[in-house]
Amino acid sequence: MPLTDEKLLEAGLHSGLIDIATIDKLKAEARRKRCSVIELTLAHYRLPISSLHRAVAEKNSLSYLEPVALSIDESLIKKLPVSLVKRKLILPVKQNDKAFLVVADPTDRTAIDTIQRLLGQLLPLAMTDINYLSLLIKRQFNHNANQAADASATDEIDLVNLLDEIIKEAFLNKASDIHFVTEEEGLRVRLRIDGKLRDYPIEADATIAAGLVSRIKVLANLDIAEQRQPQDGGCSYKLAAPINSEFNIRVATAPTRLGERITLRLLGQQSGGMTLTALGMLAADLKRFRQAIQKPYGMILLTGPTGSGKSTTLCAALQEINKPDINIMTVENPIEYVIPGVSQLQTGLKISFAQALRSLLRHDPDVLMVGEIRDYETADVSVKAAMTGHLVFSTLHTNNAVSAVTRLIDIGCEAFLIGSTMTAVIAQRLIRRLCNNCKQVRPATDDELSELDCNDKTLTLFDSIGCANCQGTGFKGRLALFETLWFDESLARLVSQGCSEEALEQAAGHNLTFMWEDGCQKVLKGMTTLAEVRGVTIVKTRQAIGE
């Protein structure tokens, strides 16, 4: 039996997920609207229901088992009545060869005692994702169901509601992407949360998978009859009250051996609250970046692979300088964040980046943002716009800051034009931010001191632990690692002369901060862990290049 609303709210208050003043207001609103207070709470705090169940486990000092390595204990499940298991949502499971009794409500002592007596042994209690627990029970007992019943159940599935539930769960988990993949066992759905993929519990055969794919393709205005070619599209999606939020979704399809796979990218979910400080830029770089974006002309480039947060940084920068007395215009594909007061143009089949940029130059802009420099024509127009008195922001796909200059020259730009217009190049990657609620301090090891280039034997670092606030991961949210290259007259002259990347690195001095150095500072400040930094960058310091 699922937990009552009061028990969930009590656990949420106990863990600090929610506060009493807000809950009192939400209870009054729920009575007025005659709706669920839990639904209102999840929408208000943007939390998945699993966070509250994890809080219940914490409150009752129980283990919360991750679904990945769970399996049903077949020898014990045979001793239990099917009706009792289904009604009470209690299941004997194994994880790492250790047996547990997973329960939906750890306060239901009558049911738990009955189950323990039937099993003939006292298993330690535990909790897990309530949706996954329901799915495990359904899978276990559906094996004995007849095929007609299964067919009838499939026919009754509402694909519209099913897709809405998946997108709603992704939104509440602050997921950036949703993956729909058809596998041998049926449809597999995964959410990318804080950069890591996590399975969404779903029971869907090939028929349901095909139905969901068709539903998504219709929403994205794609050809549902075409199943052998990749397709790209997008749509605007509105989640109903109490969430009541609308955002854009970018859709990409690809044919695979077992059927089409679809990836949804959820765009512009939180543009209103983005600031440069929230992105994780440290004080020294933040000061120089703010000086750069306030200049009347020049070019500022953000570099990094897809999904490294370049568009988010650009959006935060534009929001910072967005004032009534300047005209900001952007060219993007697609428009990821809607910025009030900014004219945003989306490219497509009939208009390219270069064509759109030329058109915008006739609209008296002060600041231009080009979503991505992909070819010579776009690069040439962008560089010349920066030369003619405009501040130009754009992105490139390069591995580090210095190689952006080489990339522009490879595209076809003249070195002297790059040197005379470049203001800053910032390379970035995204890493997970340590959860402030559960991170734990410990002494640094000798190897870590060596990596951090520190001789202080008393240095302490933080470990990720896991709690209800971070859904057991030990991390909550993401921050960016930055490699910053600030151009002055001497560097501009070197670039104009066509210097190599190595010469530029050696001449940059304190105008260049490597990504590894930025990451080490954030580790020392307790913002993240060394493992996270190692995952996205390599050791590189000024000492390493001979300074």
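How many cavities of 30 Å³ or more does a search of the whole structure find? The search finds 2. The structure is a predicted model, in which local features need pLDDT of at least 70 and side-chain atom pairs count only at pLDDT 80 or more, while totals for chains, interfaces and linings use all residues. Residues are numbered from 1 along each chain as its sequence is written, and side-chain values use heavy atoms, with hydrogens and water left out.

The idea behind such a search is a friendly one to picture: rolling a probe the size of a water molecule over the atoms shows where empty space is left. Here a cavity is a set of points, on a 1 Å grid over the protein atoms alone, where a 1.4 Å probe fits but cannot get out. The grid points are joined across faces, edges and corners, and a volume is the space filled by probe spheres set on the points. The largest cavity holds about 40 Å³ of space. Its lining (residues with an atom within 4 Å of a point) consists of L163, I167, I216, L219, C235, Y237, I249, V251 and L264. Two or more of the lining residues come from each of helix 10 (159-172), helix 11 (206-219), strand 9 (231-239) and strand 10 (245-256). Helices (H or I, at least four residues) and strands (E, at least two) are DSSP runs, numbered from the N terminus. The lining divides into 9 nonpolar residues, no polar and no charged. In this count, Ala, Val, Leu, Ile, Met, Phe, Trp, Tyr, Cys and Pro are nonpolar, Asp, Glu, Lys and Arg are charged, and the others, Gly among them, are polar.

Attention now turns to helix 19 (residues 489-496), where L491, A492 and V495 are buried. Viewed down the helix axis, these buried residues fall within an arc of 100°, so they line one face of helix 19; the arc is that of the directions from the helix axis to the C-beta atoms. Buried means under 20% relative accessible area, exposed over 50%, and partly exposed in between (1.4 Å probe, protein chains only). The cover over the buried residues of helix 19 includes helix 16 (403-411), helix 17 (415-421), strand 20 and helix 20 (501-508). Just after helix 19, G498 has a positive phi of about 80°. Helix 16 has buried residues too, namely S403, A404, V405, L408 and I411, and G412, which follows helix 16, has a positive phi near 130°.

Strand 20 (residues 475-486) contains E483, which counts as buried because its relative accessibility is 7%. The E483 side chain reaches the backbone nitrogen of A401 at 3.1 Å. Contact means heavy atoms within 4.5 Å, and the residues that E483 touches, not counting those up to four places away in sequence, include N400, V402, V425, L512 and F514.

T128 sits in the loop between strand 5 (125-127) and helix 8 (130-142), and is buried because its relative accessible area is 3%. Its side chain reaches the backbone oxygen of L65 at 2.7 Å.

Which residue in the loop between helix 13 (310-321) and strand 13 (328-332) is described next? It is P324, which is exposed because its relative accessible area is 90%. P324 and I72 are 62 Å apart in space, C-alpha to C-alpha.

Terms used: Polar contact = N/O pair within 3.5 Å; in protein donor to acceptor, adjacent residues only side chain to side chain. 1 Å grid on protein atoms, 1.4 Å probe; cavity = no way out; pocket = protein on both sides within 12 Å on 5 of 7 lines; lining within 4 Å.
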